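Let's take a friendly walk through this one together. Please have the sequence and the 3D view open as you read.

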Amino acid sequence: MLPREGGASHLRGSVDTGENRDRRAWRQVICAILTGPTPAALVPSTMMRTLVSLRLLATLFLLSALAAAPVVGIADTAPVLGEAEVSVASRDRPERMEGFNRALAQVVVRLTGRRDMLDDSRVLALLEQAPRHVQQYRYLDGPDEATSLLWVRFDVGAVERHLLEAGLPVWSGDRPALLVWLGVQDRQERRLVSSADDHPARSALERTARERGLPLLFPLMDLEDQGRVTLADVMGGFHEPVMGASRRYGPGGVLVARVQPSGSRWLARMQLYAGEESAQWQSEGEDQDAAIASVMHQAADHLGRRLAVAGLQV
């Protein structure tokens with residue numbers, strides 16, 4: 001006796017064909033790729049091998065993408081253009097007014113990119129109005145009991161407008177991050193300073209760069225950097241290996257700085273590479289910090305002259 005049509009239909013629907021098993025297995029493979037590990041018992045051996053191969057390919061693709069991307073995340077903090085700290089002998093009003101003047105002078109140098117702007121009569125007139133542009137201030141503990149630090153935040157937009165309306169240059173907040181290859185040589189050590197080093201020469205360089213509103217990067221000095229750049233390359237001024245190693249960081253410019261004793265004084269030399277342009281400076285100081293600060297200021301003045309936009313005289 002033949003089965004009824006409805007019974008036959010029910011029987012066909014309950015059969016677990018090889019095609020159905022394959023569909024279920026591939027769904028499990030796709031789910032495993034998207035959501036994570038799947039118990040091996042749920043996936044046939046052929047499917048498991050496919051899953052492993054796909055995960056391996058995905059891992060290799062991710063690693064190659066990461067290797068091609070520029071190294072980021074080791075920059076100094078973004079420049080704060082409208083804040084300054086100055087030392088004051090007391091907290092009374094006349095000393096505070098004079099402190100506002102000196103703090104605004106720091107901000108003007110940062111905004112114009114040039115220290116010589118402080119000799120301009122238009123800037124001197126602005127400094128006399130310093131209290132009008134103060135948004136916030138507070139006192140901080142100084143290096144000793146007789147000295148306090150006055151921290152001031154100015155209205156950057158108002159100061160910039162004043163500078164532009166007076167026909168003075170203004171360097172916008174969009175500033176190139178500079179990669180620094182810093183070589184230090186003295187009687188105690190010879191080294192390239194990395195992003196992980198807490199070195200006095202690096203601290204002096206960063207302190208002056210923050211004063212001028214320049215963001216800095218320092219190399220990782222990992223195995224890749226060590227295989228490309230040596231201390232001799234930096235101290236000897238050989239720029240080709242340095243520039244080759246710098247590409248992975250994608251900087252806006254490259255600074256090569258060398259610091260070493262010169263008799264009883266310190267000598268700092270610096271080279272700037274930005275696009276097709278290069279420039280160099282050197283300076284001596286009574287100590288390491290003074291020499292580094294001087295040469296960093298010269299580099300900042302150069303960048304300010306190139307990148308600041310002059311306002312319109314009204």
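How many bridges join β1 to strand β3? Six bridges do so, and β1 and β3 (residues 148–154) run antiparallel. Within this pair, Ala 84 stands opposite Val 152 in β3.

A word on the ground rules: this is a predicted model, in which local features need pLDDT of at least 70 and side-chain atom pairs count only at pLDDT 80 or more, while totals for chains, interfaces and linings use all residues. Residues are numbered from 1 along each chain as its sequence is written, and side-chain values use heavy atoms, with hydrogens and water left out.

**The protein as a whole**

The secondary structure comes to 11 helices and 11 strands; these are DSSP runs numbered from the N terminus, helices being H or I with at least four residues and strands E with at least two. Some overall values:

| Property of the protein | Value |
|---|---|
| Buried share of the 314 residues | 40% |
| Share of contacts with a separation of 6 or more that join residues 24 or more positions apart | 61% |

Contact means heavy atoms within 4.5 Å.

Three strands form an open, antiparallel sheet in the order β1-β3-β2, where strands pair if DSSP finds at least two bridges between them. At the edges, β1 (83–88) and β2 (134–141) each pair on one side only.

Helix α4 (residues 93–112) lies across β1, β2 and β3, running at about 140 degrees to β1. Such angles run from 0 to 180 degrees between N-to-C directions, with axes fitted to C-alpha atoms, for helices over the stretch in contact. The 20 residues of α4 reach 28 Å from first C-alpha to last, close to the 28 Å expected, a span defined as 1.5 Å times one less than the number of residues. Its buried residues include Phe 100, Leu 104, Val 108 and Leu 111. After α4 comes Gly 113, with a positive phi near 80 degrees.

**A histidine in α11**

His 302 sits in helix α11 (residues 288–307). Why does His 302 count as buried? His 302 is buried because its relative accessible area is 14%. Leaving aside neighbours within four places in sequence, His 302 is in contact with Leu 272, Glu 277, Ala 279 and Trp 281.

Conventions. Buried < 20%, exposed > 50% of the residue type's maximum accessible area, 1.4 Å probe, protein only.
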